[in-house]
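Have the viewer open as you read.

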Amino acid sequence: MTFEEAKDTFIHTWGTLATQWGISRSMAQLHALLLIAPTPLSIEEIMEQLQISRGNASMTLRDLMDWGLIFKQLKPGERKEFFWAEKDIWKVARQVAKERRRREITPVVEVLNELKSIPTNTPEAQEFQRVMTGLSNVVGFADSTLNAVIKAEENWLMSQFMKVFK
């Protein structure tokens, strides 16, 4: 396999994997490209390498910056903006966990807490509250787990992960 084939395979695979995590394929592929790029890339280079439109590249770059996974860089004497990705994979994993927690878990926790507080003066309301409490416990566990990942250092996280397989 040549380097170009390996690069294309990685970008394609990262895009496919990310869709399993709820991240768009374009976003993941652009992130993969910047992750393996030895130097920051311009939007034109990104468009050319991924064969995507300027609009798609622009929106995706903005989304990745919002996630805190890529950063903009200005070079002296250049009018173009350049983009680079965090290369420390553990930092990337923690940042993804942090964003997913903020975007997905926190709003659900808030809604479930509100739903658990309804009056339980009927059997239906009591059953509703029982289910909401169960859901709240599961979501709370997910929240705690993501919080542990966010705060974890690589060595601690690996030791916890390895315990699962012993």
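**Starting inside helix H5**

The buried residues of H5 are Val92, Arg94, Gln95, Val96, Ala97, Glu99, Ile105 and Leu112, where buried means under 20% relative accessible area with a 1.4 Å probe, protein chains only. This is a predicted model, so local features need pLDDT of at least 70 and side-chain atom pairs pLDDT 80 or more, while totals for chains, interfaces and linings use all residues. Numbering runs from 1 along each chain as its sequence is written, and side-chain values use heavy atoms, leaving out hydrogens and water.

H5 covers residues 89-115, a helix here being a DSSP run (H or I) of at least four residues and a strand an E run of at least two. From first C-alpha to last it reaches 38 Å, close to the 39 Å expected, which is 1.5 Å times one less than its number of residues. Still, H5 has a kink of about 40° centred on Arg101, taken as the angle between axes fitted to the seven residues ending there and the seven starting there.

Strands S2 (residues 70-74) and S3 (residues 81-85) pair antiparallel over 5 bridges; pairing takes at least two DSSP bridges. Gln73 has Phe82 as its bridge partner in S3. Among the 6 residues between the strands, Gly77 takes a positive phi near 80°.

Terms used. Buried < 20%, exposed > 50% of the residue type's maximum accessible area, 1.4 Å probe, protein only.
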